[in-house]
Amino acid sequence: MAVEQTYLMIKPDAVAGGKIGRIISRIEDTGLTIERMELAHLTFEQAAANYAEHEGKPFYDSLIAYIVSGPVVKLLISGEGAVAVCRKLMGATNPAEATPGTIRGDFGLTVDANVMHGSDSVESAEREVAIFFPN
Ligand code: DAT
Ligand code: MG
């Protein structure tokens with residue numbers, strides 16, 4: 001393992017549902033470092049850039065509409081093995097299949113509003129950090 005950066009995002013359903021604090025606590029509990037944190041309303045361009053790999057899939061249009069539907073919390077996280085640690089903390093993509101104790105398992109219900117986003121590799125993290133924290 002090495003010190004890595006990863007991009008996390010608390011999605012609109014979790015922000016609207018008052019879950020920011022509890023999710024941030026779980027991130028802090030890992031010992032990883034919060035380097036940047038910002039409440040923001042994504043632009044369509046940012047949403048499309050983040051989810052470019054899914055363009056053309058049946059759920060793409062609703063995914064983009066959802067992620068720009070309300071404010072999100074953007075997070076730049078760093079630490080040893082940060083990408084994998086955060087993916088494990090988040091749990092499976094579909095909250096119905098995510099293990100209890102994971103963020104999606106505990107705070108989510110359906111795949112289309114699955115509480116948070118997290119980079120799936122170091123390469124994805126570099127790309128996503130550049131989109132959301134360009135400075
Ligand atoms: P992850 O967010 O775990 O990396 P992904 O990259 O495969 O998952 O998909 C991106 C987002 O798209 C996911 O968080 C929720 C949505 N999504 C994925 N599969 C879906 C499906 N079958 N139906 C509806 N939304 C889906
Ligand atoms: Mg993904």
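Me: Which residues of helix α5 are buried?
Reply: This is a predicted model. Buried here stands for under 20% relative accessible area. In α5, which spans residues 82–90, the buried residues are A82, V83, C86, L89 and M90. Viewed along the helix axis, these residues fall within an arc of 130°, so they line one face of α5.

Me: What follows α5?
Reply: G91 follows α5, and its phi is positive, near 90°. Helix α2 is followed by a glycine as well, G31, with a positive phi near 95°.

Me: Which residues are buried in α2?
Reply: I23, I24 and I27 are buried in α2. Down the axis of α2 its buried residues fall within an arc of 100°, so they line one face of that helix.

Me: How should I read α4, and which of its residues are buried?
Reply: Apply the steps used for the other helices. The buried residues in α4 are Y60, L63, I64, Y66 and I67. Around the axis they cover an arc of only 165°, which puts them on the same side of α4. Their packing partners are β1, α1 (12–16), α3 (44–50) and β3.

Me: Where does S69 lie?
Reply: S69 is in the loop between α4 (60–67) and β3. Its side chain reaches the backbone oxygen of Y66 at 2.6 Å, and Y66 is one of the buried residues of α4.

Me: What is S69 in contact with, leaving aside its neighbours within four places in sequence?
Reply: With those neighbours set aside, S69 is in contact with P12 and H41. For contrast, take T6: S69 and T6 are 63 residues apart in sequence and 23 Å apart in space, C-alpha to C-alpha.

Me: How is a pocket found, and what volume does the largest pocket have?
Reply: Rolling a probe the size of a water molecule over the atoms shows where empty space is left. The largest pocket in this model has a volume of about 460 Å³.

Me: Which residues lie nearest the centre of the largest pocket?
Reply: They are Y51, H54, L63, T93 and N114, out of 21 lining residues. The elements giving two or more residues to this lining are α4 and β4.

Me: How many lining residues of the largest pocket are nonpolar, polar and charged?
Reply: Six are nonpolar, eight polar and seven charged.

Conventions:
Residues are numbered from 1 along each chain as its sequence is written. Chains are lettered from A and ligands numbered from 1 in the order in which they are written. This is a predicted model: local features need pLDDT of at least 70, side-chain atom pairs count only at pLDDT 80 or more; totals for chains, interfaces and linings use all residues. Side-chain values use heavy atoms; hydrogens and water are left out. Buried means under 20% relative accessible area, exposed over 50%, partly exposed in between (1.4 Å probe, protein chains only). Helices (H or I, at least four residues) and strands (E, at least two) are DSSP runs, numbered from the N terminus. The arc is that of the directions from the helix axis to the C-beta atoms. Contact means heavy atoms within 4.5 Å. A polar contact is a pair of N or O atoms within 3.5 Å; within protein, one must be able to donate a hydrogen and the other to accept it, and residues adjacent in sequence count only if both atoms are side-chain atoms. On a 1 Å grid over the protein atoms alone, a cavity is a set of points where a 1.4 Å probe fits but cannot get out, and a pocket is an open set with protein on both sides within 12 Å along at least five of seven lines; lining residues have an atom within 4 Å of a point. Grid points are joined across faces, edges and corners, and a volume is the space filled by probe spheres set on the points. Ala, Val, Leu, Ile, Met, Phe, Trp, Tyr, Cys and Pro count as nonpolar, Asp, Glu, Lys and Arg as charged, and the others, Gly among them, as polar.
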